[in-house]
Amino acid sequence: MRITRRGFTLGAASLAASTTLARPALAQSEPIRVGWLAALTGPSSAPAIGFDRGVHYATDAINAAGGVNGRQIELVVRDTQGDPTKAVNAAQEMISRARVHAIWGPTNSGESLATTPIMARAGVPNVHPCFVDALIDTKRYPNAFRMAPSNTQIDNAVGDYGVKILGKKKFAVIGDTTGYGTTTVKSSSAAFEARDSEVVYAGTIEQTQPDVTSDMLRMKNAGAEAIAIWTVSPGLISRILNTRANLDWDVPVIGHPAMGSGEVGRLVDKPENWSNAYILGFRNTSYGDDGKLPDHVQAFVDKIKSEIDLDDTTLWWILDGVDSINIIADAVRETGTTDPKDIIGYWNAQADYPGLFASYTFSPDQHNGLSPEDLVMSEANSQKYGAYKLAPGYE
Amino acid sequence: MLPAILASGLAMGSIYAMMGVVYNVMFSASRVMSFTTGQLGMLGGVLGAAFVGILGLPAIVGLVLTLACCALVGIVTEVVAVRPVLDKLDQHLYVLSTLALALMIQQFVAIEWSTEPQPFPQLIGFGGGGPTDEKFWLPVLACAVTVVGLELLFRHTLVGRAFLAISEDNYAARALGLPERRLRMASYALAGMIGGLAGFASGQLLLAFFANGPYLNFYGFVPVALGGLGNNRGAIISGLLLGLVQQAAHFTFGGVFTSVAVFAVFIVALLAAPQGLFGQPKQRRV
């Protein structure tokens, strides 16, 4: 057969037309690719391991039920090891090579500070659970949405509990010597002072300092009525709690959720040293006086506790992981596309989106999903199935 | 307030002093400052917690096993990281070899033990947590035992005198027929036992934590520099002073300013006496 110029041109045009027409059909059947930037190994891996259980549970549940509008969810998981450089490389690879439709993560602020501008440039819909305030900016990062509290919300919750519920007026605020500890001591002190109370001692302690008696004596001599502590180090936290008992100084210790970890429970000299200690918690993951979680969360926990190990992690990490996949899936389900603008538009229109961890509210000018009412304090020594008992003073 | 600072200062000072002695014992036998010093202290805590806390062995059995294991680590240090580079001391290759071994030990413990601090069991049940608690006085007791033990060894035994001989002049000692290599290995085993004892006795204070090694390396070196290289008495006195100054600085300044205050004192002391507060100026033959 002779190939003429006219025939070749017509053939090429037909091929181009057919591929163009076929694309929407292909797009409607291809998997929904969700990037999951997870620090699954390394020293800061504990949260991501918890989130990961929720992410996989929700993905498997949706896929088993037939997917989203007939499309399966495909997770594109990259272990960032908590390293911002690796997180940046993984985010770029997800965007340009794997061509994900949305990204969940990273799960720590150091990585997120590095990846958020990259994801914003690419316009990829991004949900994350990081606390640093600067990560949410609807002008610079219109694609980024937070499904966890911000540092300001945390400072306010702890400040409210110490001043309004415990009724204390003089606080010692301490942190470790990391960047997180140093900055949080400042912001937490400001939150207490904004509530007409006095910060009589503010300082940092090295995580490896073997004995904190001298530091605690300074706090006691300064007249502190409560201690706010900001560190993730179980060693430092347990030393503070043990020294408080040794000094026979039973002031409340309030602050970081790490104070409720099982590691701290193993390191305190006596179980009673762990009492009168309250950690930041969440309304939906706190047991009431009846020992029950809110109904919809209790039902979920009852369903999954035989399938997912809840004792070595924190419940809110798992619930937030589930919510992250559901909110991405619902955006695709409701808009019918994986177009980034449509997904972001769907999220911007959510008021009280019914998640397990919280009810999320977003708008074009507000991408912090949690409301202040979602944050409460919990009893540090009351962990069961990854959740904690509501601290005294709440209704 | 003062008893609490004194108890804490003496306890920490005793640990630093013993680390200084570990540096000195290894240095005297080989002229090498080994970075495995801090890891020996770390291992004392971790192995003690494993033998007594997890396996439930009696404290004395746990101590003996800990000392034996640490002695073995000391010997391995000599064989693996020191002996091969002794001929190349001019290049200071021992910095690399002992640092590499120290990192390997630390990473092995992190993988096999835990990256989080683990509890060290109470050994006697004395004191109830206050300034009289055993966690403050066991390190002091261990330091006293070390001082007395070294005095007896060096002054009243033939082996101890042989140690002194190779530390003074190992060529002359070899010429006299002393087994220098065996004595060096024995010195490293002794250093391992002292480091293990320090870690075991301070386990309740420092906890069984894989990252204690660099901390002990760092603060253990200060008594060596202050007391004069190779001078055990100087290391003991300087270590105790360091602990007391550090705890007083914690109380007076707090936070990151503590380290600034401690090292300001350290620098001033070295400016006043560059050979160390208890060291002798080096004699140079002219």
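Between chain B and chain A, about 2100 Å² of area is buried, and carbon and sulfur atoms give 54% of it. The model is predicted, and the values given here are computed from it. At this interface, 28 residues of chain B are in contact with 22 residues of chain A. Seven residue pairs, both members at pLDDT 80 or more, are in polar contact between chain B and chain A, while the count of salt bridges between these chains is zero. Several helices of chain B each supply at least two residues of the side that touches chain A: helix 1 (2–30), helix 5 (134–156), helix 9 (203–206), helix 11 (232–252) and helix 12 (256–272). Sorted by class, that side of chain B has 15 nonpolar, 11 polar and two charged residues.

A further interface lies within chain A. This chain is divided into domain 1, formed by 31–149 + 298–372, and domain 2, formed by 152–289 + 377–389. The C-alpha centres of the two domains of chain A lie 29 Å apart. Contact between them involves 19 residues of domain 1 and 10 residues of domain 2 of chain A.

The area buried between domain 1 and domain 2 of chain A is about 1300 Å², with 58% given by carbon and sulfur atoms. Across this domain interface of chain A, the rule finds zero salt bridges, and seven residue pairs (both at pLDDT 80 or more) are counted in polar contact. On the side of domain 1 of chain A that touches domain 2, the residues comprise 12 nonpolar, four polar and three charged.

Conventions
Residues are numbered from 1 along each chain as its sequence is written. Chains are lettered from A and ligands numbered from 1 in the order in which they are written. This is a predicted model: local features need pLDDT of at least 70, side-chain atom pairs count only at pLDDT 80 or more; totals for chains, interfaces and linings use all residues. Side-chain values use heavy atoms; hydrogens and water are left out. Domain bounds come from an automatic or database domain assignment. Contact means heavy atoms within 4.5 Å. Buried area is the accessible area (1.4 Å probe) that two parts lose on being put together, summed over both. A salt bridge is a side-chain nitrogen of Lys or Arg within 4 Å of a carboxyl oxygen of Asp or Glu. A polar contact is a pair of N or O atoms within 3.5 Å; within protein, one must be able to donate a hydrogen and the other to accept it, and residues adjacent in sequence count only if both atoms are side-chain atoms. Ala, Val, Leu, Ile, Met, Phe, Trp, Tyr, Cys and Pro count as nonpolar, Asp, Glu, Lys and Arg as charged, and the others, Gly among them, as polar. Helices (H or I, at least four residues) and strands (E, at least two) are DSSP runs, numbered from the N terminus.
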